[in-house]
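Dear colleague,

Please find the structure below, handed over for your records.

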Amino acid sequence: RAEQLATALEKEKQRNPDLAAVEMGPDDLVREAYLRTLSRLPKDDERQIAMRYLSESETPASGMKDLMWALLNTKEFIVNR
């Protein structure tokens with residue numbers, strides 16, 4: 001899913017050159033991950049944990065993959081999907 005999100009963003013940037021200047025920061029990525037998996041914004045404590053994890057990850061991409069995997073394995077996602 002993280003790769004799909006990145007691919008979709010790249011395609012959108014190609015279609016709309018104005019978006020090429022827009023970069024998503026870690027906070028934006030965490031927000032999008034929660035919206036796309038759980039259909040809600042992260043709570044403050046969830047956002048802080050995710051942001052800390054991303055900052056400690058080897059690369060942003062690997063951190064996002066781990067975050068997406070964790071969200072997909074939550075009871076909230078499994079029960080609601």
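At what angle do helix α2 and helix α4 pack, and how far apart are their axes? This is a predicted model, in which local features need pLDDT of at least 70 and side-chain atom pairs count only at pLDDT 80 or more, while totals for chains, interfaces and linings use all residues. Residues are numbered from 1 along each chain as its sequence is written, and side-chain values use heavy atoms, with hydrogens and water left out.

Helix α2 (residues 26-38) packs against helix α4 (residues 60-72) at about 30°, and their axes lie 10 Å apart. The two helices are therefore roughly parallel to each other (angles under 35 degrees count as such). The crossing of α2 past α4 is right-handed. On the α2 side, the contact (heavy atoms within 4.5 Å) involves L29, V30, A33, Y34, T37 and L38; α4 contributes M64, L67, M68, L71 and L72. Of these residues, ten are nonpolar, one is polar and none is charged.

As for the protein overall, its secondary structure consists of five helices and zero strands (DSSP runs of at least four residues for helices and at least two for strands). Of its 81 residues, 25% are buried (under 20% relative accessible area, with a 1.4 Å probe and protein chains only). Among contacts between residues at least 6 apart in sequence, 53% join residues at least 24 apart. The protein exposes about 5,900 Å² (Shrake-Rupley method, 1.4 Å probe), and carbon and sulfur atoms supply 52% of that area.

Yours sincerely

How values were computed. Axes are lines fitted to C-alpha atoms, for helices over the stretch in contact, and angles run from 0 to 180 degrees between N-to-C directions. Angles under 35 degrees count as roughly parallel, over 145 as roughly antiparallel, 65 to 115 as roughly perpendicular and the rest as oblique. A crossing is left-handed if the near helix is turned anticlockwise from the far one by less than a right angle, and right-handed if clockwise. Ala, Val, Leu, Ile, Met, Phe, Trp, Tyr, Cys and Pro count as nonpolar, Asp, Glu, Lys and Arg as charged, and the others, Gly among them, as polar. Buried means under 20% relative accessible area, exposed over 50%, partly exposed in between (1.4 Å probe, protein chains only).
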